[in-house]
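Please open the structure in the viewer and keep the selection tool at hand.

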Amino acid sequence: MNLGPGKVLGLDLSPIVGWAFGRPGDVPRWGAVVLPKERGYGAVCAALEDWLDEFIEVEGPDMISFEAPLAPDQQGSRESCVYNYGLPFAAQGCSHRASLPIVSHSLDTLRGAVIGRTRLTDAEKRIRPQLTVKTAIVAPWVLSMGWDIGDPNARDAAVVWSYETGIRHAAFGKRRAA
């Protein structure tokens, strides 16, 4: 039974690339790839391209999806902005060479549709100021799916993969992975 687009590679693009991969209805495989940030932007870009080209060749995804970067004025630093815009650009080059479709979705679209929440409440922020969206919203959702994903970047990639393969929060017509 074909439930969607075939084999999907979901990416969280940063100097630690989170990835989740599989077919709709399956439990995805996931992981994280540490890029050589200490060697500079060019080395990070080249390492991403090398890893992604090899992944495409070996695993044969039918499409790639990633979380779109925040607007430049919402980036934490110049370095974050360079990575958050440069790495998707490099991934698009890899997908182009492989003739693979690649799409991006906003953070709010991904988390809202899959998890049902995108932000911490004011009460959560007051009670536990150290909480982040990744620890308070994404990590519990991943566990609720039965997936033991330790790396936060891989968790974010699992949200991307889930969105692309049709898993939705109840408000959006939830379908859970098998």
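How much space lies in the largest cavity? In this predicted model, the largest cavity holds about 40 Å³ of space. The structure has one cavity of 30 Å³ or more.

**First stop: the cavity lining**

Select Glu-67, Leu-107, Leu-110, Arg-111, Val-138, Asp-156, Val-159 and Val-160, which line the largest cavity. Five of these lining residues are nonpolar, three are charged and none is polar. Next, display α3 (107-114) and α6 (152-165); each of these helices supplies at least two residues of the lining.

**Second stop: helix α2**

Now select residues 78-97, which form helix α2. This helix has 20 residues and spans 29 Å from its first C-alpha to its last, close to the 28 Å expected at 1.5 Å a residue.

Within α2, colour Tyr-83, Leu-87, Pro-88, Ala-90, Ala-91, Cys-94 and Ser-95, which are buried. Turn the view to look down the axis of α2: the buried residues fall within an arc of 160°, so they line one face of the helix.

**Last stop: after the helix**

Finally, select Ser-99, which follows α2. The phi of Ser-99 is positive, near 55°.

Terms used
Residues are numbered from 1 along each chain as its sequence is written. This is a predicted model: local features need pLDDT of at least 70, side-chain atom pairs count only at pLDDT 80 or more; totals for chains, interfaces and linings use all residues. Side-chain values use heavy atoms; hydrogens and water are left out. Helices (H or I, at least four residues) and strands (E, at least two) are DSSP runs, numbered from the N terminus. The expected span of a helix is 1.5 Å times one less than its number of residues. Buried means under 20% relative accessible area, exposed over 50%, partly exposed in between (1.4 Å probe, protein chains only). The arc is that of the directions from the helix axis to the C-beta atoms. On a 1 Å grid over the protein atoms alone, a cavity is a set of points where a 1.4 Å probe fits but cannot get out, and a pocket is an open set with protein on both sides within 12 Å along at least five of seven lines; lining residues have an atom within 4 Å of a point. Grid points are joined across faces, edges and corners, and a volume is the space filled by probe spheres set on the points. Ala, Val, Leu, Ile, Met, Phe, Trp, Tyr, Cys and Pro count as nonpolar, Asp, Glu, Lys and Arg as charged, and the others, Gly among them, as polar.
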